[in-house]
Structures are given as C-alpha cells and as structure tokens.
Amino acid sequence: MTDHRIPALSLDRMHAEIETEALDAIGNVYRSRRYVLGSEVETFERAYAEYIGTRHCVTCASGLDALILSLRVLGIGPGDRVLVPSNTYVATWLAPSALGAIPVPVEPDPVTCNLGIENLEVQDLTRVKAIIPVHLYGQACPMPEIVAWATDRGIHVLEDNAQAHGAAVNGQRTGSFGIVNAHSFYPTKNLGALGEGGAITTDDADLAAQLKVLRNYGQRERYINEVKGINSRFDEIQAAFLNVKLRYLDKWNSERRRLAGLYLDALAGLSDVDLPSTWLDDRQVFHIFPFRTGQRDALREDLASHGVGTLVHYPVPPHLQDAYRELGYVTGSLPVAEHIARRELSLPLYPGLSDDDVHHVCRVITGFFSR
Ligand SMILES: *Cc1c(COP(=O)(O)O)cnc(C)c1O
C-alpha cells in the first residue's frame with residue numbers, strides 16, 4: 001500500500017496552466033450577452049479548420065451529432081449500410097442507426113486495433129454507402145489506403161476523429177481525409193471543452209453550408225425553415241475556451257507521446273502483454289495508453305490497491321450491447337473486438353502526469369507479472 005494516488009484521468013494540470021486566459025475568455029463572453037453561435041464560434045471554426053487543414057469547420061453540440069449530421073448530408077438513410085469498426089465506442093454505431101441505416105462491423109487489425117485494408121477486402125458491399133474509420137486511442141488509421149479503397153468503390157469516407165485531434169498521416173491531419181469528418185470536444189478528449197461540443201470538418205463548401213442550416217433548425221434566415229433541421233448549435237463559452245485551449249494542443253500531445261515512450265520502455269518484454277503501437281511520431285496522440293493483457297481484471301485490482309486508477313475502453317463491444325440485440329450477434333461473432341474488450345486496460349496518461357507517476361505505475365505492473 002502507498003499514499004501515492006494516481007487518477008486514471010486528470011484535467012488538473014492542463015486547466016491550471018490556462019486558467020487565467022480561460023477565465024478571461026469566459027468573462028468576455030459573459031459580458032458580451034451573446035451566448036450561442038456568435039463571434040467566438042466563428043473564430044473557433046476558422047482556427048480549427050486551419051488546424052485540421054480543411055477549408056471549412058461547422059461546430060455542433062456533440063461528437064455524436066457531428067457523426068449523424070455528416071451521414072445525413074451524405075444522403076445516408078433507411079436501409080443503407082455503413083461500415084464501422086467492431087471495436088469502437090458505441091457512438092460510431094449509433095450514428096447510422098439514428099438515420100435508419102445499418103452499422104456493419106469490420107474487425108480491426110489485431111495489432112493496431114484500427115481498421116486496415118485486409119478486412120475491408122472481405123466485406124459484402126451490398127448497399128454500403130459509407131465507411132467510418134475511427135482513429136481509436138489517438139492512433140491514425142491508414143487513411144491514404146482506406147480512401148483509395150473506398151473511392152474505387154464509390155463509398156464515402158467519414159472519419160471519426162473524436163479521439164485523435166492533432167494526429168497525422170504523412171503530415172496530413174486526421175479529420176481532413178474524408179469528405180466530411182466528425183470531432184468531439186467532450187471534456188476528456190485531447191481537445192476537450194467545459195461541457196459538450198462537436199464539429200464537422202470538410203473541404204466541400206456546399207456540404208458545409210448544408211450543415212450550418214441543418215444544425216440550426218434548418219434555417220438559413222431566422223424563422224424560414226428550408227429543411228427539417230435539429231438544434232445542435234455550439235455555445236460561445238465553449239468556443240471561447242477552445243480558442244484558448246487549441247493553442248496548447250500540440251504541446252500537450254507531445255507531452256502525451258513523451259509519457260507513452262516512458263511506458264513503452266519500462267513495459268517492453270512482459271509476456272501475455274500487448275503494448276500499443278510503438279510509433280512515437282505524429283501518427284499517435286495517445287488519447288489513452290491501451291495496455292492489453294489476459295490478466296486485465298486482476299492487474300486492475302492490484303493497481304487500484306497501489307493507488308493507481310485505470311479505465312477500460314471498452315468492456316462490452318457494441319455488437320453485444322442490448323441496444324443492438326436486433327442485429328443477432330452472439331459472443332464469438334466478432335472475435336477480435338471481443339478479445340480486445342476482455343484484455344484492454346487504459347493506464348493513466350495525460351499532460352501533468354509526472355515521470356515518477358509513470359515509474360510507479362510500471363513498478364506495480366512489473367511486480368505483478370513477476371509473481
Ligand atoms: C467520444 C466519442 C464519440 C462521441 O462524442 P460525444 O461528444 O461524446 O458525442 C464518438 N466516437 C468516438 C470514437 C468517441 O470516443
């Protein structure tokens with residue numbers, strides 16, 4: 001036992017580092033008397049589009065809304081099929097479902113845990129209109145290959161970039177490869193707001209214009225409804241906060257990579273363990289540090305008894321959730337996703353975690369495996 005307490009996740013250092021700037025920005029919004037879709041939102045949309053490397057960014061109320069609105073402007077509807085990873089967070093599946101379309105799971109590469117071309121080659125593509133690659137754990141999918149594969153088959157690519165703000169492939173940021181791409185600003189993401197938020201990035205001016213109408217009740221002009229839209233507008237306070245935070249994202253992502261490097265060094269060579277990709281370049285922004293072992297639950301308890309918090313991303317894959325009973329999957333239907341779900345354990349990893357913290361976590365883990 002020890003007094004050393006290390007939470008699984010902490011915003012303390014990040015939010016302390018920018019507190020003065022953030023509170024100033026929020027104070028300005030308070031005094032502006034404009035709270036929804038104003039100048040802070042416009043500034044953020046420009047800055048984030050520039051950061052990602054697309055011509056347009058349209059903010060909205062959440063990452064899930066960003067996925068749903070993206071599929072909707074691509075014309076995805078009832079009976080259409082959408083390829084999704086079998087091992088993602090359920091939001092990626094819920095987006096096609098919300099439009100009456102059917103999520104079709106594709107097993108990931110068992111090493112990277114991301115979609116690869118190999119498993120796309122074997123899919124039945126009847127009525128498949130889109131594919132949603134997810135840059136899971138902050139690690140970029142092989143986008144040039146996926147885009148080439150999909151383009152050849154007339155399938156739209158829509159990136160789910162909820163976990164990978166700032167990751168890149170060959171210097172091009174994730175969230176700029178698909179025709180429309182979804183981002184989440186949930187507080188725990190690498191670029192997290194002080195509440196809910198999301199965005200869609202695209203190079204297509206027409207789709208961006210449609211998205212702006214759809215997120216605001218289907219109106220271009222007040223009280224003139226062109227289409228049946230929804231309310232998925234973004235708040236000024238959230239945008240003002242992200243305008244501050246965006247300037248720190250690259251620095252904090254580098255810090256995540258440096259800490260991940262310490263874990264990778266200290267944990268190399270353990271048996272019955274899979275470590276995440278050892279890429280320590282901009283393909284990886286380490287949203288989390290996914291450690292995988294067959295002794296996950298016992299290790300998790302041992303770490304907890306030594307004051308170390310951990311999380312599991314995710315304990316039950318979407319196909320085995322009650323919400324998806326209608327699709328008829330059973331245990332064993334998607335063995336790679338199920339294998340990952342049984343073994344994944346997210347170790348503490350966030351800007352502000354100290355080298356001593358990482359070494360403490362690694363000592364507990366190597367002690368556990370030496371028994
Ligand atoms: C967080 C997340 C979402 C959903 O974002 P919200 O803002 O919570 O709606 C979608 N996909 C993935 C992979 C996520 O991690």
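How many disulfides does the structure hold? In this predicted model, the number of disulfides is zero. A disulfide is a covalent bond between the sulfur atoms of two cysteines. Cys141 takes part in no such bond, since the nearest cysteine sulfur, that of Cys113, is 11 Å away, whereas a disulfide requires the two sulfur atoms to be within 2.5 Å. Cys141 has a relative accessible area of 1% and is therefore buried. Cys362 is likewise in no disulfide; the nearest cysteine sulfur to Cys362 is that of Cys113, at 19 Å. With a relative accessibility of 4%, Cys362 also counts as buried, because the term applies to values under 20%.

Aromatic side chains were examined next. A pair of aromatic rings is described by the distance of the centres and the angle of the planes. The structure contains 13 aromatic pairs. In one of these, the ring centres of Trp93 and Tyr324 are 5.1 Å apart and the ring planes meet at 65°, so the arrangement is edge-to-face, a class that begins over 60 degrees. This pair links distant parts of the chain: Trp93 belongs to helix α5, while Tyr324 is in the loop between α11 (296-305) and α12 (335-343), and 231 residues separate the two. Both Trp93 and Tyr324 are buried. A further pair is formed by Phe368 and Phe369, whose ring centres are 5.1 Å apart and whose planes lie at 85°, so this pair too is edge-to-face. Phe368 and Phe369 are both buried.

One aromatic cluster is made up of Phe44, Tyr48, Tyr51, Phe185 and Phe234. Over the ring of Tyr51 sits the charged end of Arg173, at 3.9 Å from the ring centre. In sequence, Gln238 and Phe44 are 194 residues apart, yet their C-alpha atoms are 9.7 Å apart in space. Gln238 has a relative accessibility of 9% and so counts as buried. Glu42, in helix α3 (residues 39-52), and Ala239 are 197 residues apart along the chain, with 8.5 Å between their C-alpha atoms.

Rolling a probe the size of a water molecule over the atoms shows where empty space is left. The largest pocket has a volume of about 650 Å³. It is lined by 38 residues, of which Tyr89, Tyr186, Thr188, Lys189 and Tyr314 are the closest to its centre. At least two lining residues come from each of α4 (63-73), α5 (91-98), β8 (181-184) and β14 (344-347). By class, this lining comprises 21 nonpolar, 13 polar and four charged residues.

The second largest pocket has a volume of about 390 Å³. Its lining consists of 14 residues, and those nearest its centre are Arg34, Leu37, Asn216, Gln219 and Arg220. Helix α8 (205-214) and strand β10 (219-221) each contribute at least two residues to this lining. Seven charged, five nonpolar and two polar residues make up the lining of the second largest pocket.

Backbone geometry was considered last. Most residues other than glycine have a negative phi, and most peptide bonds are trans. A cis peptide bond, with omega of about 5°, joins His313 and Tyr314. Tyr314 lies in the loop between α11 and α12 and is among the residues closest to the centre of the largest pocket. Tyr137 is not a glycine but has a positive phi of about 65°. Tyr137 is located in the loop between β4 and α7 and counts as buried because its relative accessibility is 4%. Leu136 is found in the loop between β4 (128-131) and α7 (143-152), and at a relative accessible area of 3% Leu136 is buried. A positive phi, near 60°, also occurs at Asp272, a residue other than glycine. Asp272 is placed in the loop between α10 (249-267) and β12 (273-274). At 36% relative accessibility, Asp272 counts as partly exposed.

How values were computed: Residues are numbered from 1 along each chain as its sequence is written. This is a predicted model: local features need pLDDT of at least 70, side-chain atom pairs count only at pLDDT 80 or more; totals for chains, interfaces and linings use all residues. Side-chain values use heavy atoms; hydrogens and water are left out. On a 1 Å grid over the protein atoms alone, a cavity is a set of points where a 1.4 Å probe fits but cannot get out, and a pocket is an open set with protein on both sides within 12 Å along at least five of seven lines; lining residues have an atom within 4 Å of a point. Grid points are joined across faces, edges and corners, and a volume is the space filled by probe spheres set on the points. Helices (H or I, at least four residues) and strands (E, at least two) are DSSP runs, numbered from the N terminus. Ala, Val, Leu, Ile, Met, Phe, Trp, Tyr, Cys and Pro count as nonpolar, Asp, Glu, Lys and Arg as charged, and the others, Gly among them, as polar. Buried means under 20% relative accessible area, exposed over 50%, partly exposed in between (1.4 Å probe, protein chains only). Rings of Phe, Tyr and Trp (its six-membered ring) pair if their centres lie within 6.5 Å; planes under 30 degrees apart count as stacked, over 60 as edge-to-face and the rest as tilted. A charge sits over a ring if NZ of Lys or CZ of Arg is within 6 Å of the ring centre and within 35 degrees of the ring normal.
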